[in-house]
Amino acid sequence: MKRSIQFVLNGKATKADCRPDMTVLEWLRGEALLRGTKEGCAEGDCGACSVLLMRRNVEQQGEWLPANSCILLMGQLEGTALMTVEGLAAEAEDGHAVQRQMAENGSSQCGFCTPGIAVSLAGLLQRKEQPNEAQIHDALAGNLCRCTGYRPIVEAAQSAANSAAQIPLPTPEGPAAEIGDTDCSFYLPGTLDELLSLLADHPEATLLAGGTDIVLDVAHARARWPKTILTRHVAELRKIEASATTLTFGGAVTWEEALPHLERHWPSFATLVRRFGSTQIRSMGTIAGNLGTASPIGDGAPALLVLGAYLILAGPSGEREMPLDEFFLDYRKSALDKGEIIRAICVPLPTPDLTFRVYKVSKRYDQDISTVCGAFALKVDGETIVNARVAYGGMAAIPKRCIKAEAALEGERLDGPSLTAAKKAIEEAFSPMSDMRGSATYRSLAAANLLERFALDIDGETVEVMAL
Amino acid sequence: MNKQQLPSDLQIQRQVVGKGYAHDSARRHVHGEAVYIDDMPDLPGTLHIAPILSPVANGELKGVDTGKAEAHPGVTCILLAGDIPGKNEAAPILRDEPFLVERHVEHVGQIVGAVVADTFAHALQAAALVSLDIEETEPCFDVEQAFERDSYTHPTQRLTSGDARAAIETAPRRFSGRIEMGGQDHFYLEGQIAYAIPGEGNDMLVWSSTQHPTEVQIHVALALGLKSHDVDVKVRRMGGAFGGKESQATIVAGIAALAAQKTGKPCRFRLRRGDDMAATGKRHGFVVNYEVGVDSRGRILGMQADALANSGHVADLSGPVVTRALTHFDNCYHLPAVDFTGFSAKTNTVSNTAFRGFGGPQGMLATEAIIDRVSRELGIDPNAMRAENYYGPNTGEVTPYDQLVEDNRIVDVVDRVLANANWNERRTQIDTFNRNNKVLKRGLAMLPVKFGISFNLPTLNQAGSLVHVYADGSVHLNHGGTEMGQGLYTKVAQVVAEVFGIPLEDIKISATATDKVPNTSATAASSGSDLNGAAAFRAADEIRTRMAAVAAERLGVSSTVVRFAQGMVTSGRDSISFGRLAKLCWEKRVSLSATGFYATPKIHWDSSTLKGRPFFYFTYGAAVSEVVIDTLTGENRCLRTDIVQDCGKPLNPTLDLGQIEGAFVQGMGWLTCEELWWDETGRLRTTGPSTYKIPGSRDVPPQFNVEILDDKPNCEETVFRSKAIGEPPLMLAISVWLALRDAVSSLSGGRLAANLDAPATPERVLMAVEEMKTQLAGTS
């Protein structure tokens with residue numbers, strides 16, 4: 001069996017006969033001889049490789065979203081469409097409006113990041129006709145420029161806003177169920193049953209959601225994946241459903257898809273998620289993937305822990321529910337059994353007595369990994385705390401609640417004595433590591449201080465430098 | 001015309017020069033059409049290279065097991081030191097740095113060998129299969145430890161003037177202390193790369209992403225056992241360099257050429273980001289121990305400083321970097337008695353190298369930290385202490401290295417920036433804010449900069465060019481400068497277009513090539529347009545003089561009245577198009593090709609005493625920055641920056657603005673979010689953008705006002721009286737770091753200086769806040 005990868009490339013129906021586990025960047029720059037797309041880092045952080053990928057929502061409507069082609073696999077292109085900087089340049093006389101502005105206003109110096117930046121900004125103008133400055137920064141968070149200082153780039157987005165024509169969406173056929181050959185099989189199941197039976201049949205296969213973490217092995221070291229199962233097209237996993245009490249995200253829902261819902265119910269969580277990777281990363285990366293890798297610094301976990309989220313795990317023997325705080329076992333080790341997946345993430349909707357904040361501390365505001373991420377949720381009766389939840393990322397081998405700090409707060413008012421006791425409990429409960437993101441001393445101090453920030457924040461004090 | 005004259009002495013109309021043309025490749029950049037070396041199509045048979053890197057910081061290489069790698073599919077050969085037919089020497093100054101390790105491994109990430117294979121993937125996979133037998137010896141990672149052991153890569157340098165010891169000892173107040181600043185990765189977006197193509201006989205063509213094609217040529221020839229004339233090195237553009245491709249590109253190009261010679265096939269060598277950051281040099285981190293003597297008004301009477309530069313494992317450019325640090329301790333201040341010593345400490349980390357500013361920022365930062373501290377302890381305003389020490393406008397004061405400070409613009413830029421920034425009013429607002437806010441504290445600081453322009457070593461201040469006019473009037477331009485994004489090619493083309501009076505688009509810009517212009521200097525030290533612009537001017541002017549004679553004969557006038565403007569050559573009402581005149585010159589057998597050469601005048605330097613006039617002139621600038629810090633987490637942010645920058649009479653104000661903004665943001669990164677972090681084995685753990693954080697778009701001050709000091713032609717005869725701009729504005733970012741210190745000081749009402757080193761990461765800021773709180777608790 002050999003089935004080539006079919007997709008639309010810069011408006012043209014295209015077949016690629018490469019291995020599905022090859023990165024899109026390697027294919028573009030190699031076989032396709034489209035070398036406008038650059039490799040700057042091969043880890044999805046610099047954005048020089050940015051492309052626009054057509055992503056369909058649950059209703060099958062397409063949308064152009066930026067993605068890092070260095071950590072995108074060819075198999076993920078099956079049944080969709082891709083636009084590169086060359087395609088963008090062919091969109092209009094002398095290029096897309098943002099390209100014309102950038103060429104005129106000093107947005108490029110060395111020019112190496114420039115194609116990726118043009119692509120990201122064109123993607124932004126697809127989604128927002130008149131982006132404000134904050135939205136432009138959100139769109140640029142995944143694109144580094146070392147030469148210009150960014151001012152002209154931001155201005156180019158503003159000037160192009162009125163004149164940018166929408167890039168048409170092609171209508172490629174949907175994905176085949178399987179592509180590749182016996183050396184490299186790439187499965188694209190459409191239903192949960194298909195996914196689970198594939199997992200049962202191929203226990204050695206790599207389970208791929210957005211790939212923003214695990215594809216690094218391919219990008220860095222050209223690792224080979226003989227078998228891959230993609231969750232993206234599984235209809236049941238794409239749903240976002242609200243009941244009276246609970247919001248449920250399917251296991252293939254991306255952060256970008258979740259963002260409007262988070263914004264509605266937990267604005268503080270949405271603020272955090274806008275700093276989560278970049279638009280490129282959030283367009284691909286899923287909530288389930290963020291939890292499933294069981295990383296100590298996954299930014300989704302602390303907030304979901306204090307909000308009382310639970311998971312629905314699906315496997316060969318059916319489904320089971322598990323509170324999130326039982327899911328993380330050890331460094332990069334979760335309670336998932338063999339053949340089991342995260343089918344859904346369920347988050348209790350906020351009640352009027354809930355006060356919730358999540359804060360992230362990192363060296364850079366945008367697109368950085370947390371040194372410490374702290375989340376706090378209180379339920380208050382009058383002035384008395386009846387229920388407290390405190391959780392941290394970056395403080396232990398797993399994202400973790402601080403039960404002692406919670407106990408120090410419950411039954412008390414959030415003021416001097418209880419705060420001092422809870423801060424002390426936090427410093428005692430964790431023995432964080434020292435690494436490139438911060439020393440153990442700093443982590444402990446900052447973690448405890450985040451609780452103090454929380455108290456001042458809900459008291460109305462301005463507590464974050466970005467607020468100025 | 002007189003060879004010593006430059007265009008400032010011509011009747012210049014500034015039709016092309018002085019205008020804000022876009023970068024010549026801007027349209028190609030945004031369309032993805034600009035070709036970088038990795039974008040050049042593979043010639044048939046092209047092989048790819050992956051490096052074998054040392055996992056050990058210090059030790060003897062006992063053996064290399066290549067068996068498994070050689071058996072890997074697609075592998076052609078594996079290159080080790082023993083395969084080098086010529087000299088295994090890659091160092092720019094001394095002879096201490098090999099292309100490939102012979103015996104002694106000196107840092108984690110050092111290149112031991114290279115796998116050559118049919119695809120990049122095969123080369124990478126095979127490189128991971130090579131095992132190295134290294135007998136480890138105890139490494140040294142710390143500059144102060146190296147200093148105690150007297151372990152250096154380069155001889156120690158000392159700059160003295162007056163009797164510093166006596167001045168300090170008799171001074172009313174004395175202060176001593178220590179300041180530490182980190183290094184910085186260049187993080188050029190295009191990693192190091194070379195593509196070597198063997199030709200007939202000994203010919204070797206090397207496309208190299210280098211700031212210094214001649215150095216690549218010399219070292220490739222040495223390594224291959226050839227002569228320089230056998231090797232052609234070319235570079236059309238780099239995807240960023242910032243000093244990181246001044247000496248470091250040589251290693252990559254050398255290995256590519258060695259592989260090409262050995263295999264007889266074209267060989268491409270591109271370092272992946274992680275390998276690039278592990279194996280190639282960075283900005284030097286420094287520790288400075290100082291002692292100063294001052295009077296009660298803050299006048300510095302004597303200053304003594306030991307500058308310990310982390311040289312890394314070899315000298316590379318550490319010697320001249322230290323020289324520039326020592327010659328920039330003074331910044332804008334007249335220091336009557338100094339004793340500065342600079343040490344190039346040897347550590348088992350990757351060799352540090354050139355990086356925009358080249359030691360200048362480190363020297364200046366130390367002095368500014370001293371002023372920040374001493375002024376607070378004396379109870380005077382830091383800016384008042386600065387003013388007390390400025391070089392006088394025309395007072396005949398000389399620098400510690402004996403150069404007269406001429407055409408002093410310090411007060412011009414400082415007064416202007418303080419006015420633009422509305423300093424007095426904002427100082428009051430910020431103090432009020434700080435009294436009313438528990439968690440957030442703001443800080444404000446002003447910084448003046450004086451930066452010396454020229455390579456310290458006079459020999460390097462020379463440049464050549466080659467200009468052809470074709471018989472259709474189109475012009476081909478070549479010079480020794482390289483294009484790394486700074487817009488040098490555009491500026492030099494503007495100079496040539498101005499001389500010929502033709503539109504800029506009639507000048508064809510061509511790749512820098514050692515077979516067109518020989519024996520060039522690196523495009524570095526901010527000198528690119530000063531040197532190459534002048535050399536190109538001379539070549540163009542030579543041709544123009546010949547053409548003017550032909551035009552004069554045709555028009556029946558004297559050649560002195562012939563004007564070249566707007567594509568026409570005119571005398572009174574008579575005119576002839578530039579293209580027609582070119583044709584006429586050809587018909588009359590007049591040469592339309594010329595080389596140009598320029599050597600910077602007036603400079604001299606004694607490298608044993610560190611005295612002389614190393615700099616043709618100084619460039620000035622000043623900045624005011626406002627920041628806010630979070631005293632609970634140390635998170636911080638720059639809210640506003642105002643800059644006034646001296647550019648002389650700019651060749652291209654738009655490109656200069658790009659240099660000012662870009663350098664400032666890069667400097668801000670060095671002093672805030674960019675932190676190099678090694679683990680206990682000496683392995684750099686910040687080897688990609690996921691762990692090494694350069695500024696993003698949101699980190700740029702939301703209010704960012706840049707003014708180019710208007711109508712201030714260079715007092716020296718530079719090309720069209722312009723000034724260098726590449727490096728000086730980077731140092732303006734020290735204002736951000738000083739503002740962060742001011743914000744921490746605000747906890748004491750500005751009385752106490754913050755103990756804050758660089759980079760001011762959230763962690764360092766928080767620790768400085770905690771220390772300040774402890775100190776205040778102790779004194780109250």
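Predicted model: local features only at pLDDT ≥ 70, side-chain atom pairs only at ≥ 80, totals over all residues.

I started with strand S14 of chain B, residues 300–312, and checked how covered it is: 12 of its 13 residues are buried, so I put it down as mostly covered.

Next I looked up the neighbours of S14(B). On the antiparallel side I found strand S13 of chain B (residues 286–294), joined to S14(B) over nine bridges. I picked out one pair to look at: B:Val294 stands opposite B:Ile300 of S14(B). S13(B) and S14(B) form a hairpin with five residues between the strands.

Then the parallel partner. Strand S15 of chain B, residues 338–346, pairs with S14(B) in the parallel sense, again with nine bridges. The pair I noted here is B:Gln304, which faces B:Asp339 in S15(B). What sits between S14(B) and S15(B) in the β-α-β unit, and which hand does the unit have? I found helix H9 of chain B (residues 318–326), and the unit is right-handed.

I followed three strands in the order S21-S22-S23, an open sheet with antiparallel pairing. Its edges are S21 (563–565) and S23 (574–577), each of which pairs on one side only. I get an average twist of 25° from one strand to the next.

One of the residues I clicked on was B:Thr570, whose bridge partner in S23(B) is B:Ser575.

Which helices lie across S21, S22 and S23 of chain B? I wrote down H15(B), residues 528–555, which runs at about 130° to S23(B). I also have H16(B), residues 578–587, at about 80° to S23(B).

Last entry: where the chains meet. I have 70 residues of chain B in contact with 68 residues of chain A. Elements of chain B that give two or more residues to this side include strand S27 (617–630), strand S28 (636–645) and helix H19 (762–779). Which element gives the largest share of the side of chain B that touches chain A? That is H17(B), with seven residues; I traced this helix over 653–671. Sorting the chain B residues that touch chain A by type, I got 28 nonpolar, 25 polar and 17 charged.

Note on methods. Residues numbered from 1 in each chain as written. Chains lettered and ligands numbered in written order. Pairing = 2+ DSSP bridges. Helix = DSSP H or I, 4+ residues; strand = E, 2+ residues; numbered from the N terminus. Axes fitted to C-alpha atoms, helices over the stretch in contact; angles between N-to-C directions. Contact = placed C-beta atoms within 7 Å. Nonpolar A, V, L, I, M, F, W, Y, C, P; charged D, E, K, R; others polar. Buried ≥ 20, exposed ≤ 12 C-beta atoms within 10 Å, placed from the backbone. Right-handed = clockwise from strand over helix to strand, strands pointing away.
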